[in-house]
Amino acid sequence: MLDAVVSLLYPPRCLGCQAFVHTDEPFCRDCARAVKPITSPLCLRCGIPFSPQSSLDHECGLCHKVPPLFRHARAWAHYEYGAGALQPVSAAIQQFKYQRNLGVGKLLAHLAATHFPFGATHYDVIIPVPLHLDRLRWRGFNQSLLLSRAIGHAHQIRVDPFLLARSRPTVPQVQLTEKERLENVKGAFSVPKPEHVQHRQVLLVDDVYTSGATVTECTKALLHAEARAVDVFTVARAV
Ligand SMILES: [Zn+2]
Ligand SMILES: [Zn+2]
């Protein structure tokens with residue numbers, strides 16, 4: 001009955017365009033059609049999708065030249081930013097992060113858990129990409145932790161947000177060039193208790209993978225603490 005009252009007071013809206021929807025579906029019909037999931041063929045390492053013409057998954061040129069520190073990175077859907085009409089998943093992520101819309105975040109977290117591509121038995125622990133305290137105070141929550149909890153709950157993997165720390169504030173990566181992104185996050189992460197990470201298989205979770213600079217720096221800190229391997233999962237990925 002409570003659910004019925006809540007949905008009467010707050011009728012469900014589409015995650016993408018915020019239009020009212022009459023079903024339990026997260027997106028309206030138009031937005032559902034516009035969601036672009038990332039599927040094979042893709043790079044075995046960084047997960048970037050190739051054109052449908054290329055046949056099998058393989059390593060992309062960039063990963064071949066400079067092998068990433070993480071083992072595999074995968075994402076559910078395409079992410080687009082900048083001017084113009086936003087792709088529905090990108091719009092939902094922005095609602096969650098910048099409008100601090102926790103209702104949208106909850107649905108996104110559910111979608112992340114549903115589209116989680118790795119086997120749960122591989123991981124000892126999920127670690128969300130941490131926020132600096134200043135950003136956490138402003139937002140009131142760490143979006144990566146909410147995503148991690150949903151994935152951990154659905155796939156029975158322990159989540160520990162205290163294993164990785166952001167030791168200094170950084171500016172949002174979205175405003176920066178690729179080179180500035182690397183500089184911005186360099187040495188920004190640390191592992192307070194290396195013995196809790198040592199020999200563990202870690203799944204690192206974030207909302208968006210853009211240049212990979214943030215997750216690479218996190219991975220560097222985790223491997224320095226002797227984590228056995230680090231895989232990365234994000235809800236969306238810039239392509
Ligand atoms: Zn919509
Ligand atoms: Zn690659």
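This is a dialogue on how to read some features of a predicted model.

Trainee: Where in the protein is confidence lowest, and where is it highest?

Mentor: Where pLDDT is low, the predicted coordinates should not be read in detail. Here the protein averages a pLDDT of 90, and 96% of the residues score at least 70. Helix 1, residues 2-9, has the lowest confidence, with a mean of 67. The highest value belongs to strand 2, at 98.

Trainee: What is the strand order in the open sheet, and what is the pairing?

Mentor: Strands of a sheet pair through backbone hydrogen bonds, and they do so either parallel or antiparallel. In this model four strands form an open sheet in the order 1-6-5-2, and the pairing is parallel. Strand 1 (73-79) and strand 2 (125-128) are the edges; each has a single partner strand, so one side of each lacks a neighbour in the sheet. From one strand to the next, the twist averages 20 degrees.

Trainee: How many bridges join strand 2 and strand 5?

Mentor: Strand 2 pairs with strand 5 (residues 201-209) over four bridges, in the parallel sense. For a residue to look at, take Val125, whose bridge partner in strand 5 is Val202.

Trainee: Which strands does helix 9 lie across?

Mentor: Helix 9, residues 213-224, lies across strand 1, strand 5 and strand 6 (229-238). The helix runs at about 160 degrees to strand 5.

Trainee: Next, helix packing. At what angle do helix 4 and helix 5 pack?

Mentor: Two packed helices are described by the angle between their axes and the distance between those axes. For helix 4 (residues 88-98) and helix 5 (residues 102-114), the angle is about 130 degrees and the axes are 8 Å apart. That makes helix 4 oblique to helix 5. The crossing of this pair is left-handed. On the helix 4 side, the contact consists of Ala92, Ile93, Gln95 and Phe96, which meet Val104, Gly105 and Leu108 of helix 5. By class, this contact has five nonpolar residues, two polar and no charged.

Trainee: Which residues in helix 7 does helix 5 meet?

Mentor: Begin with the geometry. Helix 5 and helix 7 (residues 143-155) pack at about 45 degrees, with 8 Å between their axes. The two helices are therefore oblique to each other, and they cross in the right-handed sense. From helix 5, Gly105, Ala109, His110, Ala112 and Ala113 take part; their counterparts in helix 7 are Gln143, Leu146, Leu147, Ala150, Ile151 and Ala154. This contact holds eight nonpolar residues, three polar and no charged.

Trainee: How is the pair of helix 8 and helix 9 arranged, with what angle and axis distance?

Mentor: Helix 8 (residues 178-185) packs on helix 9 at about 30 degrees, and their axes are 9 Å apart. That makes helix 8 roughly parallel to helix 9, the label used for angles under 35 degrees. The crossing is right-handed. Arg181, Leu182 and Val185 in helix 8 meet Ala213, Thr214 and Glu217 in helix 9. The contact is made up of three nonpolar residues, one polar and two charged.

Trainee: Now the backbone. Which peptide bond is cis?

Mentor: Most residues other than glycine have a negative phi, and most peptide bonds are trans. The bond from Ser40 to Pro41 is cis, with omega near 0 degrees. Pro41 sits in the loop between helix 2 (29-34) and helix 3 (61-65).

Trainee: What is phi of Gln156, and where is that residue found?

Mentor: Gln156 is not glycine, and its phi is positive, near 55 degrees. Gln156 belongs to the loop between helix 7 and strand 3 (165-166).

Methods. Residues are numbered from 1 along each chain as its sequence is written. Chains are lettered from A and ligands numbered from 1 in the order in which they are written. This is a predicted model: local features need pLDDT of at least 70, side-chain atom pairs count only at pLDDT 80 or more; totals for chains, interfaces and linings use all residues. Axes are lines fitted to C-alpha atoms, for helices over the stretch in contact, and angles run from 0 to 180 degrees between N-to-C directions. Angles under 35 degrees count as roughly parallel, over 145 as roughly antiparallel, 65 to 115 as roughly perpendicular and the rest as oblique. A crossing is left-handed if the near helix is turned anticlockwise from the far one by less than a right angle, and right-handed if clockwise. Two residues are in contact if their C-beta atoms, placed from the backbone, lie within 7 Å. Ala, Val, Leu, Ile, Met, Phe, Trp, Tyr, Cys and Pro count as nonpolar, Asp, Glu, Lys and Arg as charged, and the others, Gly among them, as polar. Two strands pair if DSSP finds at least two bridges between them. pLDDT is the predictor's confidence in each residue, from 0 to 100.
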